[in-house]
Amino acid sequence: MNAPAYNFAYLDEQTKRMIRRAILKAVAIPGYQVPFASREMPMPYGWGTGGVQVTAAILGPDDVLKVIDQGSDDTTNAISIRKFFAKTAGVATTTATTEATVIQTRHRIPEAPLHAGQVLVYQVPIPEPLRFLEPRETETRRMHALAEYGLMHVKLYEDIARFGHIATSYAYPVKVNARYVMDPSPTPKFDNPKMGNCPALQLFGAGREKRIYAIPPHTTVVSLDFEDHPFTPYRFDAPCALCGAGDAYLDEIVTDDNGSRMFVCSDTDYCESRQAAGHRGSESAAPHKERAHG
Amino acid sequence: MYVAVKGGERAIENAHRLMAHERRGDRDVPEVSLAQISEQLALAVDRVMSEGSLYDRELAALAVKQARGDLIEAIFLVRAFRATLPRFGASEPVDTGRMRVARRISSTFKDIPGGQILGPTFDYTHRLLDPQLGEGFLPEQPARSEAADAATPRVTDILGRDGLIEPSPQQDADTPVGDLTREPLNFPAERDLRLQNLARADEGFLLAMGYSTQRGYGRNHPFAGEIRFGEVEVEFFAEDAGFAVPLGAIALTECQMVNQFKGSATEPPCFTRGYGLAFGQSERKTMSMALVDRSLRARELGEEVLAPAQDEEFVMSHSDNVQATGFVEHLKLPHYVDFQSELGLLRKLRKEFAESADRAEPLQEAAE
Amino acid sequence: MADVQRETQCDQPLLVAEGLSKSYGRLAACRDVSFTLYPGEVLAIVGESGSGKTTLLQMLSAQLASSAGHVSYRMRDGVLRDLNSLGEAERRFLFRTDWGYVRQDPAQGLRMAFSAGANVGERLMAVGWSHYGRIRDAASSWLERVEIDTARIDDAPRTYSGGMRQRLQIARNLVTEPRLVFMDEPTGGLDVSVQARLLDLMRNLVSELGLAAIVVTHDLAVARLLSHRVMVMKGGEVIETGLTDQVLDDPHEPYTQLLVSSILPP
């Protein structure tokens, strides 16, 4: 049997070149979905293969990689992907947002502001913002090409007519560089404002759907809305119970059978950094006590 | 007192170790060998090779073992391995007309040159569970004799000689054959990409789609023109040698369906075709593939596209079981951040609903 | 100023068809049709099924490529353009703004799962309207104009009767104030009393808005009520054409006479 030998970061150079070409095209046309020949990866489609391929194509030996899922470095899939790159690329990894050069993320944008030179790689399940309104790829391609986004606004109108608000709480569609309507991936709408005029490069990889798109640094990103129903980011009622942050996205933790709940920062690095700096919430104990499960 | 849960990495490692233990099962039971899987579970290996798009019995058997018998998981393993292999080029088109047939049947004619050869098949067996197979049963050796050197021309070629069936649709000889594994799929797709997609497609999905056409969802009146199974030579054109070099033989199953005839203002009517091809002995797969291939040709044959099996985008976007299972099973990944957003929205809407319930209006009349 | 412009526009043809033909193999669905349509003019194309009238309508509205002949349309900037020379973007834009297309089955011309307000507002949103309140008000006023109870603005047309759906389809098409509306059997499939009410509405709207329209119908009563001119088709060809009242009161061709004589008395 032939034992396979793997290249740096798993992908062969030709594949990396193909992906980088797609990335360059994506950066040149902000928000436009560039088709690419997604490879079969050792993790299943739908589990981050797009993000992994983008990261593998741009990673260099001196990069410092952070991988988060739901904002946390310690969730199962983030661990699995981080281990994958540690094994196939041998790059340094970190949980500190400010120290990373490449951050691969699923469903959250880190709370700590990103700086120039960083790359944020998003894992995207369904890249097409119009997909659930128009299932045909041939038709949505045409709509993007002709900037025919009336249908998108019809959906928003309908939400307001039915619920009084736009009823999209995550994967909230945005207009990039005043031209293409884009799906920011299933990040909560809370995170949308972070995408606009961001100093870092934002890359989006959809492996199963075979699309890559990008927001270059300092690009306008506007969440779709109506003049009289402007986009309002989601607000929580209380600060983080552990570190007291009032401006972060919070996870709801059910703490007992009676339905008691507690709200804690979803971004674990942000929360721990704040606690290390002395900030406290109403429920915090010593910040770094660990309790392992399973 | 809430404490953040950590230790996910250790949990994963333990889970994998436990799985490896479960995979081995009762250690008093002998371990299954790759040779046993390849020999005695041959059809599972055939399927994994076909849908994994890689002809290697030993690797496919390993994948079946590693996947604990879950064939889609095995196919995934083979595909992931295939993606790492260097590529030398494409073989010469395989000539199934020169196949060393082990089985060859046609339902369109009672008898054909070369004969109807039943070969090894479950067909006409009585599906009665046989406990004899449970306890070291040794079947008797089949009788042997010299193989008749009769030619086995393709039934579709026989029909084609009289112009009764459309010629096999040819693409421009200079157009390179598309490769789904190297380029992203774009619609509308030409037949080369369609056939590739179908060759890799999930057998169950194609079976259901083919079945639907027979039940009226885009009926195309199929007859099994020919199904043949056997070995064919694979040849590769070596630049240095200047001629095609034989690489070896592989086992293939080929199905040619003869379908609804069709003519036009300028052409006399003739039968149309559907084609299926798979590694190993995979009749269900090739027959279903041929039915769906014909169905997807609706557009080029000027037929109305009404049924799911005729809908190119629908069939080709959902035929890949590795993609499908990836996305279906990804629902197991944490989604609590988005769920949190939905909870927030829902609570808000419920609150507003309760507040406006007092101001409820009488039911509106439904009629004009 | 606008009046002068409108007057001069009225002198110039809005749509010109020349030698339009469509054949499928040896079958000629439509043969050598030519006519000129002026702003504010309503032309009825009448014939029985198989006469080629729907094929003609599809070619005139750029939904079907002709086998021979041209269709030219005068754009809002006054320039007469051959429809074949329009890019796809231009054609789609035309279809959503300057043209309307009312289908026989309103379910084909509406988004059945979206509310009436969304249906009417869609074209406005497609051309950039971004104020929910104003979109809703515009939709509401159009519902009123087509005599749909505005309280039903949030209901989906799934809950509407056939006549209401058709009126909604009309509103959806007229909201961008098109200059030309194509109608394919707009009253087909509706009860007689509902038809009458709908035709009345259409006649009023067409005249209020100064719309030009091309109405395909097998029903001479519809032609009589709505159109200034009529073209009678049989076997893919135009066999008689002229002012509606003249043709229907004094048909020259035997086929036309047959059609006229077979109108059931009211």
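## Close-ups of a three-chain predicted model

**View 1. Three bridges connect strand β4 (residues 68–74) of chain C with β5(C), and the two run antiparallel.** C:R74 sits opposite C:L80 in β5(C). A quick word on terms: helices (H or I, at least four residues) and strands (E, at least two) are DSSP runs, numbered from the N terminus, and two strands count as paired if DSSP finds at least two bridges between them. What you see here is a predicted model, where local features need pLDDT of at least 70, side-chain atom pairs count only at pLDDT 80 or more, and totals for chains, interfaces and linings use all residues. Residues are numbered from 1 along each chain as its sequence is written, while chains are lettered from A and ligands numbered from 1 in the order in which they are written.

View 2. Angles run from 0 to 180 degrees between N-to-C directions, with axes as lines fitted to C-alpha atoms, for helices over the stretch in contact. Contact here means that the C-beta atoms of two residues, placed from the backbone, lie within 7 Å.

**View 3. Chain C also has an open sheet of six strands with mixed pairing, in the order β6-β7-β8-β3-β9-β10.** Its edge strands, β6 (99–102) and β10 (237–243) of chain C, each pair on one side only. Neighbours in this sheet are turned by 15° against each other on average, direction ignored. Inside the sheet, strand β7 (residues 180–184) of chain C runs parallel to strand β8 (residues 212–217) of chain C, and five bridges join them. Look for C:M183, which faces C:V215 in β8(C). Helix α2 (residues 53–60) of chain C lies across β3 (42–46), β7, β8 and β9 (229–234) of chain C, running at about 150° to β8(C).

**View 4. Two helices of chain B, α4 (residues 57–66) and α5 (residues 71–82), pack at an angle of about 130° with their axes 8 Å apart.** That angle makes α4(B) oblique to α5(B); angles under 35 degrees count as roughly parallel, over 145 as roughly antiparallel, 65 to 115 as roughly perpendicular and the rest as oblique. The α4(B)–α5(B) crossing is right-handed, the name used if the near helix is turned clockwise from the far one by less than a right angle (anticlockwise is left-handed). On the α4(B) side you'll find B:L59, B:A60, B:A63, B:V64 and B:Q66, meeting B:A74, B:L77, B:V78 and B:F81 of α5(B). By class, the contact of α4(B) with α5(B) has eight nonpolar residues, one polar and no charged ones. (Ala, Val, Leu, Ile, Met, Phe, Trp, Tyr, Cys and Pro count as nonpolar, Asp, Glu, Lys and Arg as charged, and the others, Gly among them, as polar.)

**View 5. In chain A, β11(A) and β12(A) form a hairpin with six residues between them.** Strand β11 (residues 250–254) and strand β12 (residues 261–265) of chain A pair in the antiparallel sense over five bridges. A:I253 stands across from A:M262 in β12(A). In the turn, A:G259 has a positive phi of about 85°.

**View 6. Chains A and B meet in a contact that takes 54 residues from chain A and 48 residues from chain B.** On the chain A side, α3 (76–89), α4 (137–145), β11 and β13 (291–292) each supply at least two residues. The biggest giver is α3(A), with four residues. By class, the side of chain A that touches chain B has 22 nonpolar, 16 polar and 16 charged residues.
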